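Subject: Structure for you to look over

Hello,

Here is the structure I promised to send. Please open it first, then read my notes below.

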Amino acid sequence: MTPPEAAPAPPTGLEVYNNVCIACHAPPGIGGAPALGDTDAWAPRIAQGADTLIDHALNGFSGETGLMPRKGGRVDLSDEEIIEAVEYMVEQVAQ
């Protein structure tokens, strides 16, 4: 009898960024999306708190500077995968 294969590991925040978020968040940023590593663009968003950033990423947001689609348009991703991508992007300006 063949042993069952292990389920693949969920993607990391970096992998989710590279496969999904990069479409809008790659420098210089598209449609009002803060570009990865752009401290000035991220600062006011980070100041709102992690819960707000995560809520906007999970549920979508429409603001003065643009639109964040729910889960970046990838509703097949888990909440945890999206949260890890948000944390990865925040880490890039918090260093």
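A salt bridge here is a side-chain nitrogen of Lys or Arg within 4 Å of a carboxyl oxygen of Asp or Glu. The search of the whole structure finds 2 salt bridges. Before the details, two notes on the source. This is a predicted model, in which local features need pLDDT of at least 70, side-chain atom pairs count only at pLDDT 80 or more, and totals for chains, interfaces and linings use all residues. Residues are numbered from 1 along each chain as its sequence is written, and side-chain values use heavy atoms, with hydrogens and water left out.

**Salt bridges**

D76 and R74 join through their side chains, at 2.8 Å from N to O. For accessibility, buried means under 20% relative accessible area, exposed over 50%, and partly exposed in between (1.4 Å probe, protein chains only). D76 is exposed, at 54%. R74 is partly exposed, at 30%.

The side chains of K71 and D79 also form a salt bridge, at 2.9 Å from N to O. K71 is buried, with a relative accessible area of 8%. D79 is partly exposed, at 40%.

**Backbone points**

K71 sits in the loop between β2 (66–68) and α4. Helices (H or I, at least four residues) and strands (E, at least two) are DSSP runs, numbered from the N terminus. Phi of K71 is near 50°, a positive value in a residue other than glycine. A cis peptide bond joins P27 and P28, with omega about 10°. P28 lies in the loop between α1 and α2. For background, most residues other than glycine have a negative phi, and most peptide bonds are trans.

**Helix α4**

α4 has 13 residues. Its span from first C-alpha to last is 18 Å, close to the 18 Å expected at 1.5 Å a residue; the expected span is 1.5 Å times one less than the number of residues. Its buried residues include I82, I83, V86 and V90. The buried residues of α4 pack against α1, α2 (39–47) and α3 (50–59), where contact means heavy atoms within 4.5 Å.

How do the axes of α1 and α4 cross? They come within 9 Å and cross at roughly 75°. The axes are lines fitted to C-alpha atoms, for helices over the stretch in contact, and angles run from 0 to 180 degrees between N-to-C directions. The two helices are therefore roughly perpendicular (65 to 115 degrees). G13, L14, V16, Y17, C21 and H25 of α1 meet E81, E84, A85, Y88 and M89 of α4.

Best wishes

How values were computed: Parallel < 35°, antiparallel > 145°, perpendicular 65-115°, else oblique.
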